[in-house]
Amino acid sequence: MSILALRVRKGVTVSAHVLRRCLAAHAPVTDKDCTSITPPYDKLLNKLERVRELLDHRPLTLSEKILYSHLADPEKNLSGGGKIRGETYLQLNPQRVAMQDASAQWVVPFLRPLQFMSAGLARCAVPTSIHCDHLIQAVDGAASDLERSIVSNKEVFDFLESAARKYGIEFWKPGSGIIHQIVLENYAAPGVLITDSHTPNAGGLGLLAIGVGGADAVDAMTGTPWELKAPQVVGIHLTGTLNDWATPKDLILYLAGKLTVRGGTGRILEYFGPGVHAQSCTGLATVANMGAEVGATTSVFPYTTNMRAYLQATRRTPVAHDAGKAAARGYLSADEGAEYDEVIEVNLSELEPMINGPFTPDLATPLSKFGAFVQENGWKDEVSACLIGSCTNSSYEDMTKVAEIAHQAKTAGLKARVPFLCTPGSEQIRATMERDSVTSGLQDVGAVVLANACGPCIGQWKREDSKDEENAILTSFNRNFKSRNDGNRHTMNFLASPTVVTAMAFSGKLSFNPMTDSIILPNGKPFQFLPPIGQDLPSSGFTLGNTDYYPRPMPEPRPETEVIIKKDSQRLEILEPFLSHFGPHNPRSFELPPSKVLMRVRGKCTTDHISAAGPWLKYKGHLTNISENTLITAVNDEGGDVNVAFDHDHNATETASDTIPTIAKRLKSRKQPWALVVDENYGEGSAREHAALQPRFYGCNIIIARSFARIHETNLKKQGVLPLWFADKADYSRIDSGDTVETIGVADLLSGNKTAGIDLRISKRSGETFQIPVKHTMSTDQLNWLRAGSALNFIRSRML
C-alpha cells in the first residue's frame, strides 16, 4: 500500500512536499572507487569452505560465517572437535580499523598513533582512518562551535593529521561527522569484519563491526592477529511490522530492558526473520549501535534489499554487486538449521515506543506507562531540554520523520517550549538535510542545529542552565549514565526515539504521550500529532557537502613527514612503555608483587566513572594530566562517599583520606602496587581505553570483580592489569581498603600450566589472613601480555 493510500484511509493530511519526497524515485549517483572497501569475497568463501570441513559441515549462523572466514589460521582455532562458542579464543584478521580523535573507549586516537609509532612500522597493515568527532563542544550552534573547537584543539588536530600523513591513514577533519556514521556511509560492506570504537553502528549493513580498545586496534594495524573469545550467538527472531510511532530505536530499547546491560556480554545478537527485511538499513544500524548497551560483542543482520539500496545510494554499487553474488552463494545469511545459544522472539506489531532511564539504558518503560512511572517516582513533570541526532539516530530517515513532526507543529502555531538541539551525524547528512529543507523546518520551530560531531552525547555540551539541579532531558542517544551529558549528576537522561523526543519538545512535559495526548493551543483548541512518516533515502540522492573535510582515499605514506608534538605540551605526551611486573624488583618471582587494596567500589562503575569525558577530553593525549580524573565519580563502598579513598599508611604530613587520584598517586610514589575490588559489570559503557591506562599508570596491577564488561576486561589485559573474577561473589565484601592481596598460581600459568587455578591470599590490616579462589579468562597470548607488562610491549618484542 502506498503512503498516500495509507494516509487517506486514516483521514490524515500530509504536506505535498513530504509526499513528493517519499514517493519520488531515487536519483542516479556516480559511484566512488570501491577498491579498498569491497571485501575479498572469493577469499572469504574459500576459507569458509575449509572451516566447514573442520566443523563436519554443521549448519552455521551468520555470525560464525563472518568470524570464521576471518580466522588467521582455521586449523589452529577449530581443530580438535571441542566447544567453540564461549570457550575458544580466535585469532582474527580484521579488514579495517577506524579510530576517533579523543575517546579512550575508543581508543585514544592521539595515543594510538603514538602507540603505532612505537611499534616501529612504516604503514598500517590494513586500511585505517582517524575521525575528528570528540573534541567539538556544543555551545551556540554548528558554525561557531566548529570554528572555536578547531582553534582550541589545533595542537591535537595538527598532531593527528601529521601522523595520518606519515603512515598513510585517512584523516577525516573536524566537521566531517561522527566516526560511526562515517563508517556506515563510506567503509561498511556486508560480510566483512572491522574494528571500530565500541559502538558497532556499521552492523546495520550486514557485517561484524566489533568494538575494541586502542591496543586491540594496534594489533590489526600492525598485522598481528587480533584475539577474541568466540562469542555465543543469540538469535533474535523478528516477525510482524512496526506500527505508527514505533521505530527500530524502540526495538533495541525494548531488548535493553529484556536483556539488561549485562545480558549481551560475550554474545553476538544475530537478527533474523521477516521483520528484518522490512527495516531500512539505517534503522538496522540504530539497533546495532545500541546493542553495545546490553554488552553485546556486536549485532548482525542478513543481507537485505534495503542494504543494497543504501549501498547504491551512498555510491557503492560495486560493493552491492559483489555482495549480491556472495549472498547467492550463501555467505550473507545463516544456514538453514543453524543453532543459536538462545532465541528471543519479538513481534514488531506488538511493540510500542519505549523510554529508558534514568541513569541506565536498560530501565525500559513503555510510553503508555511512562506518565505513571514519572508520578510514582515523584519527579517534576517537566522536560528541561530535548536532544536528537548523534551516532545512534541521525540518519536521513530519522531527520525526515522529525521534520514532519516539526511541520505539523509549525502549522498548528507551536514552537519548542524547551531547548531543542539537533546533531547531524555527518557532513553528508547535514548537507542533504539543508538541501531538502529539513534543517530550515527544524529551525523554524526553534531547533538549534549543532556541529557534525558527538557533542552532548559524550558530554561535550556547555550547558548553562540546570546546574547542580535535578532535571530531566530526553535524548535519542544510546547512553545515559550520571553526569555523562552535562556534568550534572542530577540530570536524568531518558532515552527515546527521535520522533518521541521531538514531540516532547513541544509539550515540555515529561508525562506527555504524543500517541494519545493533546497540546492546548493559544486559541483553546486541542492539537494532537499524527504518526510521522519519513523517507529512508533522499529522492535526489545524498549530497557530500563540504568535501574539504574528506580525506583522499588510501593515501600513500609520507615517511618524511614530521609528527608534530609541541614541546612542553599539556595536551600531548609520549606514551612511555609500562614496566613488567616481573623481574629483580619483584621478590615473588612470577607471582604478582603484593598489592595494597586502594578501595572497594560500590555498584555501577562505568568507563565514565573511571575516566570521565566532557572537559577532560582535551587531555586524552596526555596520560599524566587525564589521570587526575581517575575514578572521581566512583562510590567508595566503605562509607558511601564519591571520590574518597583512604590512606592507611599515611605519614604525619598526609591526610588519612583524600581524593581517589591523590591516594593512588601516593601509592605510586611509594612504589606500592595496588588493587581494586569492584562490583558487577565493571567498565560497562564506552570502550574508553584510558579507563585501563590510567589505573595502570598509577600502579594498579590487579582488579577483582564480581563481573566485567567485555571490552574493558580486554583493555585491562592489554595494559598489563590482571582482571580476576570472584568465584564466590560474597567475597567482594571481605576485602577492605588497605588489605594486602597476593596471587597464588600466576607463576604456574606463566610457566605453561593451562589448567592452573588462581587463589588470592588476603592479609587484613588486623593481621588476619585468608585465601579465596578466583577465576580468570586469560589466554596464552594474554598471559604473554601480562609477562611483558602490556600487549604493546609484547608486540614490540616480537618485531625487534
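**Exercise 1. Find where phenylalanine 582 is located, decide whether it is buried or exposed, and list what it touches.**

Step 1. Phenylalanine 582 sits in the loop that links strand E20 (526-527) to strand E21 (595-602). Strands (E, at least two residues) and helices (H or I, at least four) are DSSP runs, numbered from the N terminus.

Step 2. Its relative accessible area is 8%, so phenylalanine 582 is buried. Buried means under 20% relative accessible area, exposed means over 50%, and partly exposed lies in between, with a 1.4 Å probe and protein chains only.

Step 3. Leaving out residues up to four places away in sequence, phenylalanine 582 touches Ser589, Phe590, Glu591, Leu592, Val746, Leu750, Leu786 and Arg787. Contact means heavy atoms within 4.5 Å.

A word on the model before you go on. It is predicted, so local features need pLDDT of at least 70 and side-chain atom pairs count only at pLDDT 80 or more, while totals for chains, interfaces and linings use all residues. Residues are numbered from 1 along each chain as its sequence is written, and side-chain values use heavy atoms, with hydrogens and water left out.

**Exercise 2. Describe how helix H17 meets helix H20.**

Step 1. The axes of H17 (residues 396-411) and H20 (residues 498-507) come within 9 Å and cross at roughly 25°.

Step 2. The two helices are therefore roughly parallel to each other. Angles under 35 degrees count as roughly parallel, over 145 as roughly antiparallel, 65 to 115 as roughly perpendicular and the rest as oblique.

Step 3. On the H17 side you will find Asp398, Lys401, Val402, Ile405, Ala406 and Ala409, which meet Pro498, Thr499, Thr502, Ala503 and Phe506 in H20.

Step 4. Sorted by class, this contact has seven nonpolar, two polar and two charged residues. Here Ala, Val, Leu, Ile, Met, Phe, Trp, Tyr, Cys and Pro count as nonpolar, Asp, Glu, Lys and Arg as charged, and the others, Gly among them, as polar.

**Exercise 3. Locate the backbone exceptions at residues 56, 244 and 358.**

Step 1. Start with the general rule: most residues other than glycine have a negative phi, and most peptide bonds are trans.

Step 2. Aspartate 56 has a positive phi, near 55°. Its place is the loop between helix H3 (41-54) and helix H4 (62-68), and at 66% relative accessibility aspartate 56 counts as exposed.

Step 3. Aspartate 244 also has a positive phi, about 40°. This residue lies in the loop between E8 and H11 and is partly exposed, with a relative accessible area of 44%.

Step 4. Glycine 357 and proline 358 are joined by a cis peptide bond, with omega about 10°. Proline 358 is in the loop between strand E12 (354-356) and strand E13 (364-366).

**Exercise 4. Is serine 790 buried or exposed, and which residues is it in contact with?**

Step 1. Serine 790 belongs to the loop between helix H27 (780-788) and helix H28 (791-799).

Step 2. At 4% relative accessibility, serine 790 counts as buried.

Step 3. Apart from neighbours within four places in sequence, serine 790 is in contact with Lys718, Gln719, Gly720 and Trp785.

How values were computed
Axes are lines fitted to C-alpha atoms, for helices over the stretch in contact, and angles run from 0 to 180 degrees between N-to-C directions.
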